[in-house]
Amino acid sequence: MPRSSRLILLSAVVLLAAGLVAALAAASDGDAVTGPRTDAPAESSPEAAAAPTSTAPSSTAVLGFPAIADHGEVRAVRTPAGFVLPVLGGEQGAWQVLTPCATAAVVPGEPVLGAHVVLDPGHGGAEPGAVGPTGLREADLNLDVARRVQALLEAEGATVVLTRDADVRMTLATRASIARTMSPVAFLSIHHNAAPVGRSGVPGSELYHQLADPESKRLAGLLWEEMQEHLAPFGTDWAIGDDPGARARRSMRTGDDYYGILRHAQGVTSVLTEAAYLSNPAENALLETEEFRDAEARAIADGVLRLLRTEDPGSGFKPTKEVAVPAGSGGGTSGCVDPPLA
């Protein structure tokens with residue numbers, strides 16, 4: 001049971017017991033909820049903020065997930081092969097959809113009204129992402145963690161959609177289009193890092209938020225806190241890059257979000273997560289274990305729940321990084337071959 005649920009249940013029991021003894025005492029003593037976490041200074045380092053204080057959600061917490069909006073039209077369908085794809089037109093039994101390779105196709109499918117959370121397991125198919133010393137592919141790891149996050153959030157009552165639930169290649173355009181079509185509370189693109197530049201005493205998690213969305217920034221700060229809380233106890237020879245913490249990257253060529261998945265998903269609160277360094281042998285060994293994957297999934301799920309249920313500001317924020325070099329070519333349409341959809 002999550003922290004918020006345990007505390008709410010405990011508060012209810014205390015109120016009931018107090019009411020049986022004395023109604024006035026219950027009215028005086030029943031509301032004992034601690035405040036949100038203290039935000040760290042914008043320039044604080046991961047080492048300085050490695051152990052955020054765990055507290056209950058604020059008393060203004062919103063419990064549960066909002067109703068999924070009825071747009072009065074079919075905006076996405078689940079095809080017989082299990083793909084959730086944006087609808088471009090058509091009708092029942094013959095939907096025109098945007099395919100994983102960002103082309104148009106006509107397929108049968110069942111309407112999908114929307115989702116509270118969309119999870120994007122990065123890479124897939126012919127784009128494996130990073131590969132660890134043991135041969136662990138980032139694409140496979142990303143999907144496994146996303147499925148674990150999905151199970152945790154669904155246990156809380158959320159409707160969750162994955163951009164891919166198989167080892168297939170998908171363009172950034174289609175991934176982001178799925179997120180925009182679903183109108184979720186949050187969209188998370190799940191990745192794992194490579195090519196560190198040094199070592200750290202705490203996890204070198206990197207959470208990238210959108211430049212212009214305050215809620216994206218807050219979610220990144222909440223996720224950074226949760227990564228530190230859930231991953232640090234595993235204590236290892238953590239790798240670190242140039243960008244630990246929660247920050248945005250701006251393309252110096254365009255002035256826009258550097259990462260295509262965040263840029264294409266603008267209008268939806270989105271964060272790209274890099275929880276750990278798959279290329280680091282010590283972290284690769286952890287990422288091979290059920291326990292560490294569960295901890296990472298718990299960190300992501302708890303960050304999303306805190307975004308929805310509290311007013312906590314998050315922490316671990318770093319200044320926006322200006323990037324001159326173009327992003328990699330992954331996620332494009334060149335050479336992309338659509339899988340069977342029906």
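In S5, Arg78 has Glu110 as its bridge partner. That contact belongs to the pairing of S1 and S5, which is antiparallel and runs over 2 bridges. Here two strands count as paired if DSSP finds at least two bridges between them, and the labels follow DSSP runs numbered from the N terminus, with helices being H or I of at least four residues and strands E of at least two. In general, strands of a sheet pair through backbone hydrogen bonds, either parallel or antiparallel.

A word on what you're looking at: this is a predicted model, where local features need pLDDT of at least 70 and side-chain atom pairs count only at pLDDT 80 or more, while totals for chains, interfaces and linings use all residues. Residues are numbered from 1 along each chain as its sequence is written, and side-chain values use heavy atoms, with hydrogens and water left out.

Back to Arg78. In S2, its bridge partner is Val84. Strand S1 (residues 76–78) and strand S2 (residues 84–91) pair antiparallel over 3 bridges. Their hairpin has 5 residues between the strands, and Gly82 there takes a positive phi near 95°.

Keep going and you reach strand S3 (residues 94–98), which is joined to S2 by 4 bridges and runs antiparallel to it. Gly89 stands opposite Gln96 in S3, and Glu91 has Ala94 as its bridge partner in S3. The hairpin of S2 and S3 has 2 residues between the strands, with Gly93 at a positive phi near 90°. Next, S3 and S4 pair antiparallel over 4 bridges, and the partner of Trp95 in S4 is Val107. These two strands also form a hairpin, with 5 residues between them and Ala102 in the turn at a positive phi of about 65°.

One of the residues to look for is Ile190, whose bridge partner in S14 is Thr273.

What about charged pairs? The structure holds 21 salt bridges, each being a side-chain nitrogen of Lys or Arg within 4 Å of a carboxyl oxygen of Asp or Glu. One of them joins Asp167 and Arg137, with the closest N and O atoms 3.6 Å apart. Asp167 sits in the loop between S7 and H4 and Arg137 in the loop between S6 and H3, so the pair ties together parts 30 residues apart in sequence.

On a 1 Å grid over the protein atoms alone, a cavity is a set of points where a 1.4 Å probe fits but cannot get out, and a pocket is an open set with protein on both sides within 12 Å along at least five of seven lines; lining residues have an atom within 4 Å of a point. Grid points are joined across faces, edges and corners, and a volume is the space filled by probe spheres set on the points.

The largest pocket has a volume of about 960 Å³. It is lined by 43 residues, of which Tyr258, Tyr259, Glu274, Ala327 and Gly328 lie nearest its centre. Among the elements giving two or more residues to this lining are helix H4 (172–182), S8 and S14. The largest cavity has a volume of about 60 Å³, and its lining includes His71, Glu73 and Pro111.
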